[in-house]
Amino acid sequence: MRLTREDVKRIAELARLSLSEEELTKYEDELSRILDYVDQLNELDTTTVEATSQVTGIVNQWRGDVVDYEFPREEMLASAIEKQEGHLNVKSIFGRAS
Amino acid sequence: MLKELRKKLDARQISSVELTEQYLRAIKEKNKELNAYVRVLEESALEQAKAADNTIASGEVHPLTGIPYALKDNYCVRGIETTACSRILQGYIPPYTASVVKRLRGAVLLGKTNMDEFAMGASTENSCFGPTRNPHDTSRVAGGSSGGSAAAVSADLAAFAFGSDTGGSIRQPASFCGVVGLRPTYGRISRFGVLAMASSMDTMGPFAKSVEDIAILFSEVAGRDTFDSTTTDLPVERYSEILERPLPKFRIGIPKEYVEVEGLNPDVRKVIEDVVDALRKKGHTIVSVSLPHTRYAVPTYYVLVPSEVSSNLARYDGIKYGYRAQDAEDLFSVYCKSRGQGFGAEAKRRIMIGTYTLSAGYYDAYYNKAMKVRTLIRNDFNHAFGEADVLLTPASPDVAFEIGAKSDLLQMYAEDIFTAPGALAGIPGLVVPAGEVNDLPVGIQIMGPQWSETRVLQVGHFIEHLLDR
């Protein structure tokens, strides 16, 4: 599966990854090789096969809707990069620079 | 070793403080070269050791009280920097502790060990802290992604260590470093508090010097955890005691597709065959089994894992913790630049593959397809376990390679040939040192059906003693 530079740009945007020009070239090649490699799965006929999404067979482990632990706010925010009065400081959500 | 240490500590022949100081000295001596540890916690270790000595004096000990150990740097420990050896988590201090760590009651944490960034790799070369060197030959890798933990145990820098295995990251380093490593059945040990890579395949597991030690550790950490709803409530036994019983006669299966792998070093194959011969002489039945879809395991793995990775790593966004790019003009570029600058190459590769395979129009062709092939691989194992009680295979196609040798990414992916299939099936895999090739360790992998750790540990213990280790 051959990806174009535009494909990689689009994927990088979806994945919120900013890449340099050299990286775009590098990944165009590497991602294409990986996708070529995994294409061999198409050798197999899986029309009547069920997909496996989990292996334990465990479903719906319930517990009571009770809060029984505490996360102190200061500790939760200890690793935050920009804080203000107990909140996280972020850039404006609206008004994206074009 | 853990039983002996317990006896010595309880008899006050050695204190936990003395034992801890011994390990800290060894780390000071060897870690600069080996780079097994990325963070040594000297002060807190000695505090824990002191507390352990008080516990020992009171007589209320647990099996691991006072015994020093190491943790792979994807295990969160409250108040201690945890980075998954990625730039994007530099300075991250978790506000909580992984369940596995909570269950290692009384043990003394010496430090955090090196790993491939976010557990992506088979050599610990993808770490932002540089590679870990193999204690048996420092020009070679220790394996990955839990290379630091494997090397620490191998070089006597910890009495035991914990790592994680998603596609072989405990088993392959165990083989490369000549130590015992266990990948448990998925769902047996809680994943809570360990930085997630691929949630349907991640497992947590121990490294140690003997199968008995692994059994002791397994008993301590296994079992249902309310913080991880994928854990089973199957009872947890005292596995080290079960090892003392005589071994039943097992049917040992050798998957023919594994033995026929092109890249398998013939000398490594010989080591495995010698173990099989020794078992045959002891009266076990050896059967050849077939796992016909073996060669599709690595491609399946490299569709499913990047897909799950792209989702799990979306949380690293430069907002709540970790690295934030200083040159971002707006919110969107805070995300893009922080992630672009903070993640290493392999992480970015896998995120992008996963983004593509899960995207509209491609989900069916890639992710759904891979989930179906995963079923075929599971069915292969179910069928094989109808004919054999355990399967014996190599853990890796070769011995530890030289640092920098596997520069081609597909070559690195191919390292997972013997370990990815079991991971996809969710079954346990124990690796035990089986011999050497050119003075480098070779491990043998023992796989069993889901939830069969007892059997797998018994066989491992038997092989260990057969080989007089």
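**View 1. A salt bridge between B:Arg349 and A:Glu30 in a predicted model.** B:Arg349 forms a salt bridge with A:Glu30, and their closest N and O atoms are 2.4 Å apart; a salt bridge here is a side-chain nitrogen of Lys or Arg within 4 Å of a carboxyl oxygen of Asp or Glu. Between chain B and chain A the count is six salt bridges. This is a predicted model, in which local features need pLDDT of at least 70 and side-chain atom pairs count only at pLDDT 80 or more, while totals for chains, interfaces and linings use all residues. Residues are numbered from 1 along each chain as its sequence is written, chains are lettered from A in the order in which they are written, and side-chain values use heavy atoms, with hydrogens and water left out.

**View 2. The interface of chain B and chain A.** About 5700 Å² is buried between chain B and chain A, 66% of it on carbon and sulfur atoms, where buried area is the accessible area (1.4 Å probe) that two parts lose on being put together, summed over both. The contact, meaning heavy atoms within 4.5 Å, takes 72 residues from chain B and 58 residues from chain A.

**View 3. Strand S3 of chain B and the strands paired with it.** Strands are DSSP runs (E, at least two residues) numbered from the N terminus, and two of them pair if DSSP finds at least two bridges between them. Strand S1 (residues 37-40) of chain B runs antiparallel to S3(B) and is joined to it by three bridges, with B:Val40 opposite B:Gly111. Strand S2 (residues 68-72) of chain B pairs with S3(B) in the parallel sense over five bridges, and here B:Pro68 stands opposite B:Val108. Six of the six residues of S3(B), which spans residues 108-113, are buried, that is, under 20% relative accessible area (1.4 Å probe, protein chains only).

**View 4. The surroundings of B:Thr132.** B:Thr132 is found in the loop between S3 and strand S4 (133-134) of chain B, and it counts as buried because its relative accessibility is 0%. The side chain of B:Thr132 makes a polar contact with the side chain of B:Asn114 at 3.0 Å; a polar contact is a pair of N or O atoms within 3.5 Å, and within protein one must be able to donate a hydrogen and the other to accept it, residues adjacent in sequence counting only if both atoms are side-chain atoms. A polar atom of the B:Thr132 side chain also lies 2.8 Å from the backbone oxygen of B:Asn35.

Note on methods
Buried < 20%, exposed > 50% of the residue type's maximum accessible area, 1.4 Å probe, protein only. Helix = DSSP H or I, 4+ residues; strand = E, 2+ residues; numbered from the N terminus. Lists of a residue's contacts leave out its neighbours within four places in sequence.
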